[in-house]
Amino acid sequence: MKKENEITFIFDSCSENESLARTVIAAFIARLDPTLGELSDVKTAVSEAVTNAVIHGYEGKEGKITIHSRIEGNTVRIEVSDRGVGIPDVTRAMEPLYTSKPEMERSGMGFAFMEAFMDDLEVVSTEGEGTTVKMRKTIYSALNLS
């Protein structure tokens, strides 16, 4: 089985950096030789988390987003954090179709997508301090790697 490995990267909270986050995570987990489906799932979940930080966390203002990821055996753990406004009601925010920005025609499916594509999802948020989205995904194609 592959050794443990981890990365942390910090970038500006602008929508252009969403593709950067997807690319970095894809490159990081490539050593596990994920299927295209597994890779797509992880990239989509990271993309949704970063988009939430840009739009909801910082509300379009300047800030930093931190992604910390760790590979443990055939499992990847990813945390996407911001120091933005925080979420007043995490349970409500995680309901499918709920959006705090209906005027922006947001779908309200970000957390639902993250939950569907990852094996585990936890959202920790404090108003005025920020939000951390913690995700875990087992890469089953990595089970056969030595």
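**Entry 1: two helices.** I looked up helix H2 (residues 36-57) and helix H4 (residues 110-117): their axes come within 9 Å and cross at roughly 155 degrees. Axes here are lines fitted to C-alpha atoms, for helices over the stretch in contact, and angles run from 0 to 180 degrees between N-to-C directions. Helices (H or I, at least four residues) and strands (E, at least two) are DSSP runs, numbered from the N terminus.

I note that this is a predicted model, in which local features need pLDDT of at least 70 and side-chain atom pairs count only at pLDDT 80 or more, while totals for chains, interfaces and linings use all residues. Residues are numbered from 1 along each chain as its sequence is written, and side-chain values use heavy atoms, with hydrogens and water left out.

H2 and H4 are therefore roughly antiparallel to each other; angles over 145 degrees count as roughly antiparallel, under 35 as roughly parallel, 65 to 115 as roughly perpendicular and the rest as oblique.

**Entry 2: the contact.** I listed the residues in contact (heavy atoms within 4.5 Å). From H2 they are Asp 41, Thr 44, Ala 45, Glu 48, Ala 49 and Asn 52, and from H4 they are Gly 110, Phe 111, Phe 113, Met 114 and Phe 117. By class, I have six nonpolar, three polar and two charged residues in this contact. Ala, Val, Leu, Ile, Met, Phe, Trp, Tyr, Cys and Pro count as nonpolar, Asp, Glu, Lys and Arg as charged, and the others, Gly among them, as polar.

**Entry 3: burial in H4.** Which residues of H4 are buried? I found Gly 110, Phe 111, Ala 112 and Met 114. Buried means under 20% relative accessible area, exposed over 50%, and partly exposed in between (1.4 Å probe, protein chains only). The cover over the buried residues of H4 includes H2, helix H3 (90-93), S4 and strand S5 (130-138).

**Entry 4: the sheet.** I traced five strands in an open sheet, in the order S1-S2-S3-S5-S4, with antiparallel pairing. Two strands pair if DSSP finds at least two bridges between them. Strand S1 (5-12) and strand S4 (120-126) are the edges, each pairing on one side only. Strand S2 (residues 64-72) and strand S3 (residues 75-82) pair over eight bridges. Glu 72 has Thr 75 in S3 as its bridge partner.

**Entry 5: positive phi.** I found Asp 33, not a glycine, with a positive phi near 55 degrees. Asp 33 lies in the loop between helix H1 (18-29) and H2. Glu 59, also not a glycine, has a positive phi of about 50 degrees and lies in the loop between H2 and S2. Glu 59 is partly exposed, at 38% relative accessible area.
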